[in-house]
Amino acid sequence: MPPRTTTAVLFATLGFGNAIAHAQGQQNPAPPATTLPGTPARATGRLTGTVTDGSTGKPIAYASVAVLNAAGSPVSGGVCGDDGAFVLPGLAPGAYALRISFLGYQDLTRPGIVVPETGGTLPLGALPLTPTTQKLGEVVVTARKPLMEEKVDRTVYNAENDETTRGGDATDVLKRVPLLSVDLDGNVSLRGSQNIRVLINNKPSTIMANSIADGLRQLPADQIKAVEVITSPSAKYDAEGSGGIINIVTKTNTLRGGQLGVDGSGGTRSGTLNLSGGYRTGRMGFALGGFGRAGYNTPGRFTNTQLTTNPATGRQTRTTQAAATRQQQLFGRYTLGWDYDLNARNSLAASLAYGTRDATTYQDDLATSTTPLATGAAATSLRNVKTRDESGTVDASLSYAHTYDTAQRELSVLALFSRNNRTYDFTNDIYAASDARAIGVSGNDNPSANQEVTAQVDYQTPTGKNQLLELGVKEIRRTVQSDYRYFGQLALSQANNSFHYDQNVASGYVAYTLALPLRITLKPGLRYEYTGIAADFGTGTVGEIPSYGVLVPSLNLLHKLANGNALRLAYNRRIQRPSLQFLNPNLQAANPLLQTQGNPVLRPEYTNNYELGYSTLLQQASLNFSAFVRTTTGSIQSVRTPLGDANYPGAVLVTYQNIGQETASGGSVYAGLDIGEKLSFSGGVDTYYLVLRNNVADPLYAARNAGLVVAGRLYGSYALPRHWGLQVFGFYRGQQVQLQGDQSNFFVYSFSLKHEFAQKKGALGFGAENLFSPSNTVRSEITSPLLRQNSSTIQHLTSFKVYFSYRIGKLTAEPRPHRNVQNNDLKTEENGGGSQGTGRTPDAVRPALAAPSPAPGGASKTESPAGAPAPVVPVTAPPSHSATPAAPPRN
């Protein structure tokens with residue numbers, strides 16, 4: 001029976017959030033005057049009217065309306081609806097003036113409006129605005145958004161500014177991000193840990209469940225706006241991901257109008273085609289996208305030499321292997337988004353995405369020689385190996401958000417559905433062998449499905465000046481099904497079976513933000529997650545897998561120094577649940593001498609993270625320093641055991657157990673430098689000292705290793721005349737420390753030359769990668785009492801590509817006012833708790849120069865006196881210009 005968790009508690013928070021709102025009081029900031037018993041309530045009045053174009057008589061939507069008292073200070077205000085109408089209630093008896101403004105029109109002031117003692121409605125009728133004919137001089141404001149931004153709780157890489165990733169995928173983007181390391185197979189690690197949580201637009205996806213490397217290849221680099229690396233997540237984040245969280249933010253359309261764009265590239269190693277479009281009118285918006293990438297012409301070679309010792313007999317066998325390799329890959333991702341503003345306080349958003357992967361890997365003429373040292377008689381074989389990996393992923397989401405009159409009070413509800421259907425199989429064709437009985441075809445078929453259903457409710461409310469309470473509940477229901485079948489020689493020793501795995505995670509969190517004296521912001525948080533698990537084989541039970549609960553505390557402290565620099569201290573506890581690749585009991589033996597099998601009874605890892613960060617600005621350079629310590633217990637480590645199988649002498653079986661302990665300590669330095677308006681550089685170095693041990697008493701299997709790991713990256717750009725631009729990038733990853741050995745370093749680099757035309761609607765570019773180093777060799781070494789292995793993999797990395805893009809249509813700058821719903825435990829601009837009122841700390845980037853003020857009459861005017869009452873906004877569409885009093889800044 002699948003474990004049960006209570007889902008009703010998720011939606012009880014809907015009523016709970018409203019109860020808190022009423023308890024906190026949803027009245028205007030200024031409390032009503034106290035009245036004596038029996039004294040009648042003072043009547044109030046309201047103003048109504050319609051703003052029109054004085055020359056055409058047509059209504060003007062979204063014009064700003066302000067009510068001024070005798071001193072000229074705003075006492076109420078709002079924005080007109082689609083029909084130009086406005087309603088401003090709650091005005092005390094007295095004399096007022098009305099001021100109306102909108103871009104492209106002269107301001108209109110209507111004095112002498114009197115609200116009588118009896119209150120009531122004052123219809124003002126049509127209020128015409130006169131179009132302005134004043135011609136403004138050209139004002140050019142140039143601000144180059146930095147490639148890297150160091151925010152309070154995260155590092156943000158603005159991928160849209162990097163032309164060197166054009167025509168690539170998310171793997172190419174992540175290579176550029178500080179703190180991250182990507183190997184040649186696309187595996188991503190954060191400060192040396194591959195136990196990371198990857199989100200797409202703040203939402204989880206089963207596209208990342210089987211393999212993060214494969215999921216990243218389905219995301220086009222051209223559609224990635226930014227990558228956020230969150231090393232110290234607060235309690236509102238899922239506890240999953242002991243190394244941290246990576247949030248990939250894609251480009252979205254929240255403006256008005258329509259646009260259609262096409263991007264493509266063709267090169268010696270890959271080609272891409274990307275279509276994207278968006279349309280917004282009134283309160284509704286749509287966005288769609290389609291991306292395809294083909295990988296081809298990727299030759300390589302690998303060699304492997306290993307010496308195994310049979311633990312039962314002590315006999316040793318030497319095995320050598322060599323083969324030519326090649327790959328064919330086809331990836332695609334198609335998206336559709338919809339959002340609708342019900343009114344000024346309520347909004348809906350939905351999205352649907354489908355991702356596909358079709359990858360085939362070949363090992364041609366795999367030559368194997370196996371020699372028992374006791375006899376010296378070698379057995380040889382030649383085979384062709386074909387591995388096919390196909391998958392399709394569906395992600396669907398629906399979210400609702402409600403904001404209150406009180407600033408920063410918000411309720412959001414989210415539902416997610418994600419399913420990945422995958423087929424992973426291999427065929428092993430032995431066409432020549434010293435033992436004729438070994439000739440033949442064998443293989444494995446393994447269709448699987450991974451499904452997640454998520455429901456989440458989040459609520460936040462201010463509880464006092466510069467204080468914010470956040471709480472929420474969430475439930476995730478995961479279901480994994482894996483069927484596997486063997487044929488040929490493998491069928492002689494392996495039985496067909498199926499594996500079913502249910503995992504339900506119920507969680508709740510509370511976080512509190514408090515601004516303290518001396519520019520200190522404190523944000524403690526607490527999260528509890530309860531995990532229930534049930535698993536079984538088609539032919540019997542797996543065994544008892546106990547449920548477990550975990551309490552996950554977090555603490556973020558920010559100190560803003562007097563000179564604008566920022567000091568941050570953080571602690572959090574994280575867990576890492578085993579993914580399908582570690583749980584799946586299907587035996588993967590594409591190479592029968594190196595077989596891999598998952599362990600269904602694995603338990604999670606537990607990690608404690610400590611971090612200290614410092615951000616500063618030094619003339620034209622922005623600098624960021626950080627130091628960290630990470631300790632992990634119950635680490636999932638691979639266990640290699642010589643099989644001693646008569647059919648495959650010298651074969652090794654790789655399984656997984658919770659036997660590891662890891663300790664990593666180190667730091668990173670990042671610097672960004674602008675030289676004039678055209679030249680900029682950025683780069684950084686990450687280094688840490690890693691200690692690994694498996695705590696196994698048996699000396700045959702005990703292992704310990706330690707060493708220093710270094711990685712670095714450098715980026716530069718230069719703006720050439722006539723709309724040309726040049727960008728270069730380089731990435732180095734030093735030797736990697738593994739439990740029983742190490743892996744050698746590697747270096748990749750690229751450059752891009754781009755030309756924009758047709759008023760920047762189109763672009764044509766040329767790029768090259770590893771131009772002067774056509775191949776890269778990565779060597780790995782494993783040493784233990786029972787196994788010694790040396791292998792090398794050669795990849796040909798030199799590539800050339802030509803890419804293009806063109807856009808039709810135009811979007812106008814009228815951003816939607818409501819706050820986007822954030823899925824999961826992520827809310828952007830969280831900033832470590834310093835996100836409200838004067839407690840907020842600016843990002844550690846050099847501020848842009850202020851734009852010059854517009855000429856009189858050239859723009860609407862906005863007045864924001866401190867302490868003004870909260871405005872009434874009786875509109876049915878999002879405003880574009882507002883004369884409402886300013887509210888405290890929102891997250």
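This is a predicted model: local features need pLDDT of at least 70, side-chain atom pairs count only at pLDDT 80 or more; totals for chains, interfaces and linings use all residues.

Visitor: Which elements give two or more residues to the nonpolar patch?

Guide: Those are β40 (762-769) and β43 (799-812). The largest share, 5 residues, comes from β43.

Visitor: What about Phe766, where is that one found?

Guide: Phe766 sits in strand β40. Its relative accessible area is 35%, so it counts as partly exposed.

Visitor: Okay, let's go inside. How many residues does the largest nonpolar core have?

Guide: That core has 33 residues, and Leu490, Phe499, Tyr501, Ala535 and Ile545 have the most contacts inside it. At least two residues each come from β24 (467-487), β25 (497-516), β26 (520-537), β28 (548-560), α5 (580-583) and β33 (652-675).

Visitor: What is Ile545 in contact with, leaving aside its neighbours within four places in sequence?

Guide: Ile545 touches Tyr501, Ile533, Ala535, Pro600 and Val601. Apart from this core lies another one of 24 residues, with Val173, Val198, Ile200 and Ile212 among them.

Visitor: Switching to charges: how many salt bridges does a search of the whole structure find?

Guide: The search finds 22. In one of these, the side chains of Arg577 and Glu240 meet at 2.7 Å, N to O. Arg577 is in the loop between β29 (566-576) and α5, while Glu240 is in the loop between β13 (224-230) and β14 (244-250), so the pair ties together parts that are 337 residues apart in sequence.

Visitor: Are Arg577 and Glu240 buried or exposed?

Guide: Both Arg577 and Glu240 are buried. Arg577 also has a salt bridge to Glu529, again 2.7 Å from N to O. Glu529 is in strand β26, so this pair links parts 48 residues apart in sequence. Glu529 is buried, as is Arg577.

Visitor: Which residues are linked in a network of salt bridges?

Guide: The network links Arg197, Asp238, Glu240, Lys474, Arg527, Glu529 and Arg577.

Visitor: And Lys754, what does that pair with?

Guide: Lys754 forms a salt bridge with Glu756, with the closest N and O atoms 3.1 Å apart. The relative accessible area of Lys754 is 12%, so Lys754 is buried.

Visitor: Last one: where is Val413 found?

Guide: Val413 is in strand β22 (residues 410-433). Val413 counts as buried at 14% relative accessibility. From Val413 to Leu398 is 15 residues in sequence and 8.4 Å in space, C-alpha to C-alpha.

Key
Residues are numbered from 1 along each chain as its sequence is written. Side-chain values use heavy atoms; hydrogens and water are left out. Helices (H or I, at least four residues) and strands (E, at least two) are DSSP runs, numbered from the N terminus. Buried means under 20% relative accessible area, exposed over 50%, partly exposed in between (1.4 Å probe, protein chains only). A nonpolar core is a set of buried Ala, Val, Leu, Ile, Met, Phe, Trp, Tyr and Cys residues joined through side-chain atoms within 4.5 Å. Contact means heavy atoms within 4.5 Å. A salt bridge is a side-chain nitrogen of Lys or Arg within 4 Å of a carboxyl oxygen of Asp or Glu.
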